[in-house]
Amino acid sequence: MQRQMKDLGYTEVGSADGKLGTMTATAIRAFRADNALPAGDEIDDDLLLALQKARPRAIAPERANAPPDVVREKVPEARTSWLTKIGAFFTGIFALVGSFFDGVIGNLGAASGYIQPVKDAAGDVPGWSGCWRSPASLAGSSS
C-alpha cells in the first residue's frame, strides 16, 4: 500500500516497512481528504477501494518546483531525510577509514614474516664493515 500511495504522489508516506508510522498516517489522512473519504488514518475497505481507482495526485506548480532549502524548511520529513543522508555519509567515511586500518593491522603479522629474514641477514654483518668502505670511497672520489 505504501508503494501504491507513493506512486499516486503521496510522498510523505515514508519507507515501505509494513508499519503504520506517523508519516504513513499523514499520507492516509491526506489521501482520504483528497478523495472525499471519512477523516482518519485507518486502513479500511473504502480506503483500499479508493486506492485502486485513484489517479495521481495533482501537485501545485510552486510545490513541484520548490527549491530544496524551502522544502527542508517546510517539510520535516525532508529535513530528516537530508540529515540522515549527511549522517550516513560521515558514517561511511569512518567505516572506510576503520576498514583500511583493520586491513593494515591484520596484515602486520604477514609483513613481519617477510621482513624478519632481511633483518636477521643484516644483523649478521658486522658493524665495523661499513667503516673501511667510508675512507676508501672518500679516497677514491678525490682522485
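1. Which residue forms a salt bridge with D34? The partner is R57, and the closest N and O atoms of the pair are 3.4 Å apart. A salt bridge here is a side-chain nitrogen of Lys or Arg within 4 Å of a carboxyl oxygen of Asp or Glu. D34 lies in helix α2 and R57 in the loop between α3 and α4 (61-64), so this pair ties together parts that are 23 residues apart in sequence. D34 is partly exposed, at a relative accessible area of 45%.

2. Some ground rules. This is a predicted model, in which local features need pLDDT of at least 70 and side-chain atom pairs count only at pLDDT 80 or more, while totals for chains, interfaces and linings use all residues. Residues are numbered from 1 along each chain as its sequence is written, and side-chain values use heavy atoms, with hydrogens and water left out.

3. The overall make-up. The chain has 8 helices and 0 strands. Along the sequence the pattern reads α-α-α-α-α-α-α-α. Helices (H or I, at least four residues) and strands (E, at least two) are DSSP runs, numbered from the N terminus.

4. Burial and surface. The chain has 143 residues, and 16% of them count as buried.

5. Contacts along the chain. Take the contacts between residues at least 6 apart in sequence: 28% of them join residues at least 24 apart. Contact means heavy atoms within 4.5 Å.

6. Helices α2 and α3. Helix α2 covers residues 22-34 and helix α3 residues 45-53; they pack at an angle of about 75 degrees, with axes 11 Å apart. The two are therefore roughly perpendicular to each other. The contact is made by I28, F31 and R32 of α2 and by L47, A50 and L51 of α3. By class, this contact has 5 nonpolar, no polar and 1 charged residues.

7. Terms for that packing. Axes are lines fitted to C-alpha atoms, for helices over the stretch in contact, and angles run from 0 to 180 degrees between N-to-C directions. Angles under 35 degrees count as roughly parallel, over 145 as roughly antiparallel, 65 to 115 as roughly perpendicular and the rest as oblique. Ala, Val, Leu, Ile, Met, Phe, Trp, Tyr, Cys and Pro count as nonpolar; Asp, Glu, Lys and Arg as charged; the others, Gly among them, as polar.

8. Is R32 buried or exposed? R32 is buried, with a relative accessible area of 1%. This residue lies in helix α2. Leaving aside neighbours within four places in sequence, R32 is in contact with L37, P38, A39, G40, E42, D44 and L47. R32 and A50 are 18 residues apart along the chain, and their C-alpha atoms are separated by 8.7 Å.

9. Salt bridges of R32. E42 forms a salt bridge with R32, with the closest N and O atoms 4.0 Å apart. E42 lies in the loop between α2 and α3 and R32 in helix α2, so the pair ties together parts that are 10 residues apart in sequence. E42 is partly exposed, at 38% relative accessible area. R32, E42 and D44 are linked in a network of salt bridges.

10. The D41 pair. The salt bridge count comes to 4. One of them joins D41 to R29, with the closest N and O atoms 3.2 Å apart. D41 sits in the loop between α2 and α3 and R29 in helix α2, 12 residues apart. Both ends are partly exposed: D41 has a relative accessible area of 28%, and R29 has 39%.

11. T11 is in the loop between α1 (2-7) and α2. At 55% relative accessibility, T11 counts as exposed. T11 and T24 are 13 residues apart in sequence and 9.3 Å apart in space, C-alpha to C-alpha.

Key:
Buried < 20%, exposed > 50% of the residue type's maximum accessible area, 1.4 Å probe, protein only.
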